[in-house]
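Student: I have a chain on the screen and some labels to check. Can we go through the reasoning behind them?
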Amino acid sequence: MYDRIRENIVKHSAMKLIDVINLSINETLSRTLLTSFTVLMVCFSLIYFGGGVIYDFALTMTVGFVVGVYSSVFVASTFVLFMDKYIGKDTPSSSKAKAVKAS
């Protein structure tokens, strides 16, 4: 998510940061959902067919994967807004300037 936001800040420098983040989420959401669904099918198969030996591992993987996908999509974008608002307030477009320098 961070990489897509960084790329879109450079590509769409005239847009507001919140709009760039929204665009970035929309661009990656379909791929994220398809990948998540596929991995969760495997994890649920391991839970159901794996037996008692692998059940705890598969359950842990499922919970970890769900938390990871959630944080990747929703927490990362909110954190970018937080960083821009509270840490990048030296200049009006500090996040855009920093992203261009990082590229």
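Tutor: Start with accessible area, which comes from the Shrake-Rupley method with a 1.4 Å probe. By that method the protein chain exposes about 7,200 Å². Carbon and sulfur atoms supply 69% of that area. Keep in mind that this is a predicted model.

Student: Why is phenylalanine 79 called partly exposed?
Tutor: Buried means under 20% relative accessible area, and exposed means over 50%. Phenylalanine 79 has 39% relative accessibility, so it counts as partly exposed. This residue lies in helix α3.

Student: Why is aspartate 84 put in that class as well?
Tutor: The relative accessible area of aspartate 84 is 24%. The cut-off for buried is under 20%, so aspartate 84 is partly exposed. Aspartate 84 is also found in helix α3.

Student: Which residues make the nonpolar surface patch?
Tutor: Tyr2, Phe79, Phe82, Met83, Tyr86 and Ile87 make a patch of about 590 Å². A patch residue needs over 30% relative accessible area. Phenylalanine 79 has 39%. Helix α3, residues 52-87, gives the most to the patch, with five residues.

Student: How do you know that the length of helix α2 agrees with its residue count?
Tutor: Helix α2 covers residues 17-49, which is 33 residues. The expected span is 1.5 Å times one less than the number of residues.

Student: Where is the kink in α2 centred?
Tutor: The kink is centred on leucine 29 and is about 40°. That angle lies between axes fitted to the seven residues ending there and the seven starting there. Just after α2, glycine 51 takes a positive phi of about 85°.

Student: Which residues of α2 are called buried?
Tutor: They are Leu17, Val20, Ile21, Ser24, Ile25, Thr28, Ser36, Leu40, Cys43 and Ile47. Each is in the class under 20% relative accessible area. Across the protein chain, buried residues make up 24% of the 103 residues.

Student: How far apart are leucine 17 and aspartate 84, in sequence and in space?
Tutor: They are 67 residues apart in sequence. In space their C-alpha atoms are 8.6 Å apart.

Student: What share of the contacts joins residues at least 24 apart?
Tutor: Contact means heavy atoms within 4.5 Å. Among contacts between residues at least 6 apart in sequence, 60% join residues at least 24 apart.

Notes
Residues numbered from 1 in each chain as written. Predicted model: local features only at pLDDT ≥ 70, side-chain atom pairs only at ≥ 80, totals over all residues. Heavy atoms only, no water. Patch = residues over 30% accessible without salt bridge, like charges linked within 9 Å, V, L, I, M, F, W, Y side chains within 5 Å. Salt bridge = Lys/Arg side-chain N within 4 Å of Asp/Glu carboxyl O. Helix = DSSP H or I, 4+ residues; strand = E, 2+ residues; numbered from the N terminus. Buried < 20%, exposed > 50% of the residue type's maximum accessible area, 1.4 Å probe, protein only.
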